[in-house]
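Please open the model in the viewer and keep the sequence panel at hand.

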Amino acid sequence: MAILTDRPSTVFAAQTVYEHLSFTPKDTVCGNLVLVNRQHPIKNDPPSHDLIDINNQQHDLLVPHQGSFVNLLSHLAHPVEEVPLQKQAATMLFSLIKKSGSAGTLTAVSGYRSYQEQLTVWNETVSKEGASFAEKYVAYPGCSEHQTGLAIDLAGTAPSIDYICPDLPRIGAISTFCRLAPQFGFILRYPEGKEEVTQIGYEPWHFRYVGFPHSIIMTDRKMVLEEYLEMLETETSPLKPFTYTQDGAHIDIIHLSMKNRQTVDIDFSDVLPHTISGTNKSGIVITRFRRR
């Protein structure tokens, strides 16, 4: 049971075990579920210590690109040598590659980009391909998922790879990789048929880490991140969680609004493992894991 207050929580009896969580608006702009698009620009970059260069990790799994890039962006600081990714996302990516048997078939094209790098990508793409192409396949600076460190563009290994629209053929082990991706916390962020919602064209190469079980729920319900967060915001509350069940485990997911609030306190009458993520739209998603 959850109790939501705008003041410090009430005191429970000494023998009662409960969990108290407290939030401020800064908690709404970080986490695996942050929504980043034109309407919701990124508020802060990930700390540098939370990023690792996956091109310098486990070369037997993810093959660094040794060839040339089509649409090579000449003013990027590291278009080939480095592909930074948030540590947890990187760990799950390597686990996914191992499980899918796709080792040696994939190349990381682009991970984390700073605002300045995204500005370079935008400007050079507009210059080379035109504004309409850029608006379809490149997020506007400050509005790119790549600035979160949670997004990765992948390609099949090849002598030449298109930096903006890399080819990721759905065959063999790569097909298995795509099918298993939700089990490891990844979603295909810009699927075909959802262009009006995401305002980005179909990008079969762009994967986003959102974490379990959100990735599975979104995939099963054919939802993109915009739709999923809207569902949580309108259909859940501390007293009305969305419950996902798998293998006897029950996972409660609730949306907590921080709109026009400086602090919000919430008490649970039990202590459970949980994750917390902001939505980047004045909300927080609490995911609690229980077995019953």
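The lining of the second largest pocket divides into eight nonpolar, seven polar and three charged residues; here Ala, Val, Leu, Ile, Met, Phe, Trp, Tyr, Cys and Pro count as nonpolar, Asp, Glu, Lys and Arg as charged, and the others, Gly among them, as polar. This pocket holds about 250 Å³ of space. Select C30, G31, P46, T148 and L150, which of its 18 lining residues are the closest to its centre. On a 1 Å grid over the protein atoms alone, a pocket is an open set of points with protein on both sides within 12 Å along at least five of seven lines, a cavity is a set of points where a 1.4 Å probe fits but cannot get out, and lining residues have an atom within 4 Å of a point. Grid points are joined across faces, edges and corners, and a volume is the space filled by probe spheres set on the points.

The model is predicted: local features need pLDDT of at least 70 and side-chain atom pairs count only at pLDDT 80 or more, while totals for chains, interfaces and linings use all residues. Residues are numbered from 1 along each chain as its sequence is written, and side-chain values use heavy atoms, with hydrogens and water left out.

Next, select P182, I187, L188, P191 and T219, the closest to the centre of the largest pocket among its 18 lining residues. Its volume is about 350 Å³. Strand 9 gives the most to this lining, with three residues (helices, H or I of at least four residues, and strands, E of at least two, are DSSP runs numbered from the N terminus). By class, the lining has 11 nonpolar, two polar and five charged residues.

The largest cavity, of about 160 Å³, is lined by 17 residues; select Y137, V138, A139, H146 and E203, which lie nearest its centre. Helix 2 (115–129) and strand 10 (203–209) are the elements that give two or more residues to this lining.

Finally, select N37, in the loop between strand 2 (19–23) and strand 3 (51–53). Is N37 buried or exposed? With a relative accessible area of 9%, N37 is buried (under 20%; exposed is over 50%, partly exposed in between; 1.4 Å probe, protein chains only). Its side chain reaches the backbone nitrogen of Q39 at 3.1 Å and that of H40 at 2.9 Å. Leaving aside neighbours within four places in sequence, N37 is in contact (heavy atoms within 4.5 Å) with C143 and E226.

Terms used:
Polar contact = N/O pair within 3.5 Å; in protein donor to acceptor, adjacent residues only side chain to side chain.
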